[in-house]
Amino acid sequence: MSETLRVDFYRHGLGPGDAAQIAEVLATPMLTSGAVGAAVEAQLCDYFSAPHALLTNSWTNGALAILLALGVGPGDEVIVPAMTFIATANVVELLGATTVLVDIDPETLLLTPEIAAAAVTPRTKAVQPVHLYGQMVDIAALRRALDAAAPGRSIAIIEDCAHCFEGTLHGKRPGVHSDAAIFSFYATKNVTCGEGGAIIFTNTALYTATTETRLHGMSAMAKDRFVAGQYRQWDMPRLGVKANLPDLLAALLPVQIRGIDEKLEVRENLAARYDAAFDGLPFKRPAPVASCRNAWHLYALGVPGGLRDAAIAALNAEGVSVTVNFRALPRLSYYAGQYPAALAQCPAAVAWGDQTLSLPFFPGMTAAEQDRVIAVVKDHVVPLVEGR
Ligand SMILES: *Cc1c(COP(=O)(O)O)cnc(C)c1O
């Protein structure tokens with residue numbers, strides 16, 4: 001029986017209680033951004049001890065809104081680690097700015113303050129560190145390194161928190177030391193509403209500008225244009241994107257945010273079980289970052305010897321679903337064409353992207369499912385790597 005158990009890569013944990021939250025919104029006149037989203041924004045400010053929060057309809061559109069608010073455009077450079085999802089760099093490219101692809105630490109697989117500082121030029125407008133898999137880049141140290149590399153200029157730090165909602169570094173959550181931190185509520189992320197995202201800000205001027213760039217550049221949202229039956233005129237002081245999250249989706253978030261720290265303990269237990277099973281096996285794993293509580297978005301393994309794709313085929317043949325998060329950006333045709341030097345300049349990112357795969361990993365995973373994944377890795381992937 002357990003020999004034929006198929007294991008999904010991911011299953012969401014939403015159910016009838018969540019459907020009831022959506023039904024409540026359907027019973028109101030406001031389906032788009034209104035009171036429900038505003039309450040979630042207040043909940044995010046509370047959870048992150050942040051002065052400002054804005055919900056968005058994706059990480060990607062939130063990042064575009066922020067970069068527009070910062071005035072990033074042609075001639076500007078934005079530093080991005082080469083080991084990330086394409087969206088982190090695509091937003092820079094879409095605005096006609098230059099993506100400066102940089103390498104990662106070969107052990108933690110994260111951008112380091114030293115690597116970022118070494119890439120600073122007079123054109124650097126922002127840095128987008130990525131908390132890959134849930135472990136955090138040291139943003140306070142990054143700030144110090146950028147200030148030393150470019151004294152008197154304030155290079156913006158925009159944290160890519162798509163993998164790290166509930167993680168901490170030195171006991172501090174994301175968003176404390178940066179100008180803004182962006183989250184994703186995409187279908188497989190730790191907090192999800194199918195598609196969505198959020199931004200938290202310490203920089204009040206950036207927050208104020210982003211309230212406009214999040215909505216076409218308009219000076220008032222729909223809920224602020226019709227107050228007590230009165231229509232209020234609005235202006236378009238700047239250019240923006242359409243990035244606001246409808247209340248229909250925001251309604252799925254409050255319960256998940258309240259339960260996220262409890263879910264993290266489940267993720268930690270699953271990760272510890274995988275760790276114990278894989279100790280001593282010939283796979284590389286991300287090195288733990290000191291003083292970091294990992295948000296454990298993904299569980300990644302490195303398969304040595306150029307055998308990653310063969311390992312994926314072996315796992316799939318046994319009914320275990322896996323993904324690759326991620327091939328390094330210089331490996332993708334668009335970025336290879338745009339920045340041909342990046343392949344040689346980012347050896348650690350390229351090497352990890354060539355060997356990594358992500359195993360099934362989600363709070364609703366059963367012990368039987370996890371045991372099956374472990375058995376398939378031991379019986380079908382280890383022999384491949386050891387040439388047996
Ligand atoms: C998922 C993801 C994004 C994009 O999130 P969307 O909400 O789908 O736009 C950005 N960065 C990283 C690292 C991601 O994993």
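**Exercise 1. Find which residues of α3 meet which residues of α7, and describe the packing.**

Step 1: list the contact. On the α3 side stand A65, I66, L68, A69 and L70; on the α7 side, L206, A209, T210 and T213. Contact means heavy atoms within 4.5 Å. Helices are DSSP runs of H or I with at least four residues, strands are runs of E with at least two, and both are numbered from the N terminus.

Step 2: sort by class. The contact of α3 with α7 has seven nonpolar, two polar and no charged residues. Ala, Val, Leu, Ile, Met, Phe, Trp, Tyr, Cys and Pro count as nonpolar; Asp, Glu, Lys and Arg as charged; the others, Gly among them, as polar.

Step 3: get the geometry. α3 packs on α7 (residues 204-213) at about 120 degrees, with the axes 8 Å apart. Axes are lines fitted to C-alpha atoms, for helices over the stretch in contact, and angles run from 0 to 180 degrees between N-to-C directions. That angle makes α3 oblique to α7. Under 35 degrees counts as roughly parallel, over 145 as roughly antiparallel, 65 to 115 as roughly perpendicular and the rest as oblique.

Step 4: assign the hand. α3 passes α7 in a right-handed crossing. A crossing is right-handed if the near helix is turned clockwise from the far one by less than a right angle, and left-handed if anticlockwise.

**A note on the model.** This is a predicted model: local features need pLDDT of at least 70, side-chain atom pairs count only at pLDDT 80 or more, and totals for chains, interfaces and linings use all residues. Residues are numbered from 1 along each chain as its sequence is written, and side-chain values use heavy atoms, with hydrogens and water left out.

**Exercise 2. Work out how α3 packs against α4.**

Step 1: the angle is about 40 degrees and the axes lie 9 Å apart. α3 and α4 are therefore oblique to each other.

Step 2: α3 passes α4 in a right-handed crossing. W59, T60, A63, L64 and L67 of α3 make the contact with A87, T88, V91, V92 and L94 of α4.

Step 3: by class, this contact of α3 with α4 has eight nonpolar, two polar and no charged residues.

**Exercise 3. Characterise the largest pocket.**

Step 1: its volume is about 600 Å³. On a 1 Å grid over the protein atoms alone, a pocket is an open set of points with protein on both sides within 12 Å along at least five of seven lines, and lining residues have an atom within 4 Å of a point. Grid points are joined across faces, edges and corners, and a volume is the space filled by probe spheres set on the points.

Step 2: α3 (59-70) and α4 (87-94) each supply at least two residues of the lining. The lining has 14 nonpolar, 12 polar and five charged residues.

Methods: On a 1 Å grid over the protein atoms alone, a cavity is a set of points where a 1.4 Å probe fits but cannot get out, and a pocket is an open set with protein on both sides within 12 Å along at least five of seven lines; lining residues have an atom within 4 Å of a point.
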